[in-house]
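Reader: I would like to learn how to read the packing of helices and the layout of a sheet in a model of this kind. Could we go through one together, feature by feature?

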Amino acid sequence: MKNDNIKNQYRVNEQIRVREVRIVSDSGSVVVPTRQALDMAREQEVDLVEISPNANPPVCRLIDYSKFLYQQKKRAKEMKAKQVKVEVKEIRFGPQTDEHDYQFKLKHAKEFLEDGNKVRAYVFFRGRSILFKEQGEVLLLRFANDLEEYGKVEHMPSLEGKKMFIYLAPKKAGVAKKSQQAMDREKKAVDSKKKGDIEEMDEPSPANGGLLANAKISADALKKLTGEE
């Protein structure tokens with residue numbers, strides 16, 4: 001069916017019934033009567049193919065019609081291959097997401113963004129956990145902040161029913177530039193290791209475990225994400 005559609009897009013030889021046509025080639029173009037153009041095609045043992053019927057006069061090429069169709073199909077295939085298909089990948093957090101689960105999902109989100117896909121992350125509130133929606137918002141902001149080298153926020157956290165969403169789009173391809181905050185975190189991690197401090201900076205405490213513990217981000221990061229700088 002697709003091949004027939006391409007074939008039926010063009011008129012060829014006696015199907016071209018205008019008075020004159022413009023023949024284009026690598027050496028230039030020339031306007032001649034259609035009858036003369038058909039004679040030229042027969043002499044060269046090729047076809048007269050109309051490639052631009054709306055031009056005045058219509059534009060044609062002297063080429064083997066089968067070869068012309070092959071070129072058109074190949075060009076269409078190449079253009080289709082160049083088209084980037086963007087998918088939206090979902091990341092789900094629960095109301096009591098622990099640090100290990102958070103890091104696991106953060107890693108997947110980085111991979112999605114690096115592959116050129118968008119990310120829709122959300123916190124699902126079940127039953128009375130909806131009371132902690134502010135904590136869910138802070139978690140999603142932390143999530144966006146941790147991904148700032150890979151993606152940009154398209155839509156800030158918003159509550160839709162029992163789910164709070166945030167939308168991230170991939171940044172343009174290129175070498176990711178580390179933020180000052182990311183470099184500061186790395187420096188602190190190295191310093192802590194030298195001092196023999198094995199306790200992680202974001203490790204949840206017994207009193208504030210789960211979602212609230214994971215929601216630790218700086219005021220500067222929040223201002224940056226919300227545009228309040």
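Reader: In which hand does helix 4 pass helix 5, right-handed or left-handed?

Author: A crossing counts as left-handed if the near helix is turned anticlockwise from the far one by less than a right angle, and as right-handed if clockwise. Here helix 4 passes helix 5 in a right-handed crossing. Helices (H or I, at least four residues) and strands (E, at least two) are DSSP runs, numbered from the N terminus. Bear in mind that this is a predicted model, in which local features need pLDDT of at least 70 and side-chain atom pairs count only at pLDDT 80 or more, while totals for chains, interfaces and linings use all residues. Residues are numbered from 1 along each chain as its sequence is written, and side-chain values use heavy atoms, with hydrogens and water left out.

Reader: At what angle do the axes of helix 4 and helix 5 cross?

Author: Axes are lines fitted to C-alpha atoms, for helices over the stretch in contact, and angles run from 0 to 180 degrees between N-to-C directions. The two axes come within 11 Å and cross at roughly 45°. That makes helix 4 oblique to helix 5, given that angles under 35 degrees count as roughly parallel, over 145 as roughly antiparallel, 65 to 115 as roughly perpendicular and the rest as oblique.

Reader: Which residues make the contact?

Author: Contact means heavy atoms within 4.5 Å. Helix 4 contributes Glu99, Tyr102, Gln103, Lys105, Leu106, Ala109 and Lys110, and helix 5 contributes Leu139, Arg142, Phe143 and Asp146.

Reader: What is the order of the strands in the open sheet?

Author: Strands of a sheet pair through backbone hydrogen bonds, either parallel or antiparallel. Two strands are taken to pair if DSSP finds at least two bridges between them. The four strands of this open sheet have the order 5-6-8-7, with mixed pairing. Strand 5 (88-93) and strand 7 (151-160) stand at the edges with a single partner strand each, so one side of each is left without a neighbour in the sheet.

Reader: How many bridges join strand 7 to strand 8?

Author: Seven bridges join this antiparallel pair, and Ser158 has Phe165 of strand 8 as its bridge partner, while Lys152 is partnered by Ala169. The hairpin of these two strands has two residues between them, and Gly161 takes a positive phi near 70° there. Strand 6 and strand 8 are also antiparallel, paired over six bridges, with Arg120 bridged to Tyr167 of strand 8.

Reader: Where does helix 5 lie on the sheet?

Author: Helix 5 (residues 133-146) lies across strand 5, strand 6, strand 7 and strand 8, running at about 10° to strand 8.
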